[in-house]
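Subject: Structure for you to look through

Dear colleague,

I am handing over the structure below, together with some notes on what was found in it. Please keep the sequence and the 3D view open while you read.

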Amino acid sequence: MVLQAIRYYPARESSAASLEILDQLALPHRSVYLSVDSCEDAWNAIRQMKVRGAPAIAIVAALSLAVELSRARTIETKAEAGQSAREFIWNNLEYLKSSRPTAVNLADAVGKLKAIAEKAEKMDGADGHAVADSYITAAEKMLIDDVKDNEAIGKHGAKWIRENTKAGSWRGAGEGDLKVMTHCNTGSLATAGYGTALGVIRSLHAENMLTHTFCSETRPYNQGSRLTAYELVHDKIPATLITDSMAASLLAREGDSLAAIIVGADRVAANGDTANKIGTYSLAVLARHHGVKFLVAAPRTTIDLWTATGTDIVIEERAKEEITRMKGAKVDAKGQVLMDEVAEVISVAAADIDVWNPAFDITPAALIDGIVTEKGVVERGVDGSFNFASIFESTA
Ligand code: MRU
């Protein structure tokens, strides 16, 4: 079974396009697909984290509007003016952009899709259908491109680790004694497929280079224990789960054989400062202390050249209940998980305690050794920051 967070069915002659997402609140215990019929459905699913991960959020938002346009197209008999279709698209894109603030992929997709709708409106004789069709084609392409980009990220990252880390270079390919660690979930569930940081791990595993992966629980929302662990078990990649607070002990014990810590990103500023899941910064500090390489893996759509440094990135703060409560499946008297039982929510904190729950932190560029993109790995310069000119030159 292929792990798929997003299922999209393009329009056919007899039916409009449709979209489904794997409900990530139900994982790892139940696989439930929810249909997303409108931009409002997508906005709510993103805000509630039924779908999460920077690329997946952007793609679900873009495709939800494609579904709405596709439905409107089959219902209406008379084409609307190009201008009103463009306005409809722009308004909905702005609404979708307001769902979560930190990941730039959504804002990037909104900017690109708005430009496509505007260009279509300005074409000679363009009516509402032509504008909608241009939008739908572009949104569908984002889904396809994301998987290709992730596979390229996987290959570039695996090659860099082979060639630039102590654990990678002192053994030939195929003999691997190479361990890595990752944080949060950056795999098939966070993207259209394959994943970014988890894509690099998949690639190392496919090349028979990887002996072990450590994944952190990723409190408070547990993307590591619920989602990454689920993907690693699914792909039969040898792996061990640790709590976030065990990372220092792990690096003290495994520092020599741990080739790299590889994480994803929600927004990379122009100097390389990186916003990613809370806890990433502490892992980067630990990696530097223990001489372990620290890599960020992300598509170019995550690099925000308009944001100068990490201090300019807005960090989303989420509800206190994500810290004070936990949700999980029930277990029977023998310790077996009761998969079909409704998940239980339990309180794990003193009532009335004040809570601070930032969903992301900023890792300074100076602590990052390389940023792995679909165009190759950009290494930190001697001045401690990154220059992304080489990976954007080819895309004028
Ligand atoms: O709050 P989330 O689960 O959306 O946070 C996800 C992350 O921080 C990921 O590391 C990032 O989005 C990259 S996903 C390829």
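For the classes used here, Ala, Val, Leu, Ile, Met, Phe, Trp, Tyr, Cys and Pro count as nonpolar, Asp, Glu, Lys and Arg as charged, and the others, Gly among them, as polar. With that division, the shell around the ligand consists of seven nonpolar, seven polar and three charged residues. Please bear in mind throughout that this is a predicted model.

The ligand is surrounded by 17 residues, and the closest of them are R52, A54, A190, G264 and K277. Two elements, helix 2 (54–75) and strand 9 (274–277), are the ones that give two or more residues to this shell.

If residues up to four places away in sequence are left aside, A62 touches A109, L113, A139 and M142.

Next comes a pair of helices. Two packed helices are described by the angle between their axes and the distance between the axes. Helix 3 (residues 82–97) packs against helix 4 (residues 104–122) at an angle of about 175 degrees, and their axes are 9 Å apart. Because angles over 145 degrees count as roughly antiparallel, helix 3 is roughly antiparallel to helix 4. In this contact, helix 3 brings G82, Q83, R86, I89, W90, L93, L96 and K97, which meet L106, A107, V110, L113, K114, A117, E118 and E121 of helix 4. The residues of the contact divide into nine nonpolar, two polar and five charged.

How many of the 10 residues of helix 7 are buried? Nine of them are, so helix 7 is largely enclosed by the rest of the structure. The buried residues are A197, L198, G199, V200, I201, R202, S203, L204 and H205. Just after helix 7 comes N208, which takes a positive phi of about 60 degrees although it is not a glycine. N208 lies in the loop between helix 7 (197–206) and strand 5, and it is exposed, with 11 other C-beta atoms within 10 Å.

K236 is found in the loop between helix 8 and strand 6 (239–242), and with 8 C-beta neighbours inside 10 Å it counts as exposed.

There are also cis peptide bonds to look at in the loops. One joins L27 and P28, with omega about 5 degrees, and P28 is found in the loop between strand 2 (18–22) and strand 3 (33–35). Another runs from R219 to P220, with omega near 10 degrees, and P220 is found in the loop between strand 5 (210–216) and helix 8 (223–234).

The loop between strand 2 and strand 3 holds A26 as well. With 17 C-beta neighbours inside 10 Å, A26 counts as partly exposed. The C-alpha atoms of A26 and K50 are separated by 8.3 Å, while these residues are 24 residues apart along the chain.

With best wishes

Methods
Residues are numbered from 1 along each chain as its sequence is written. This is a predicted model: local features need pLDDT of at least 70, side-chain atom pairs count only at pLDDT 80 or more; totals for chains, interfaces and linings use all residues. A residue is near a molecule or strand if its C-beta atom, placed from the backbone, lies within 6 Å of it. Helices (H or I, at least four residues) and strands (E, at least two) are DSSP runs, numbered from the N terminus. Axes are lines fitted to C-alpha atoms, for helices over the stretch in contact, and angles run from 0 to 180 degrees between N-to-C directions. Angles under 35 degrees count as roughly parallel, over 145 as roughly antiparallel, 65 to 115 as roughly perpendicular and the rest as oblique. Two residues are in contact if their C-beta atoms, placed from the backbone, lie within 7 Å. A residue is buried if 20 or more other C-beta atoms lie within 10 Å of its own, exposed if 12 or fewer, and partly exposed in between; C-beta atoms are placed from the backbone.
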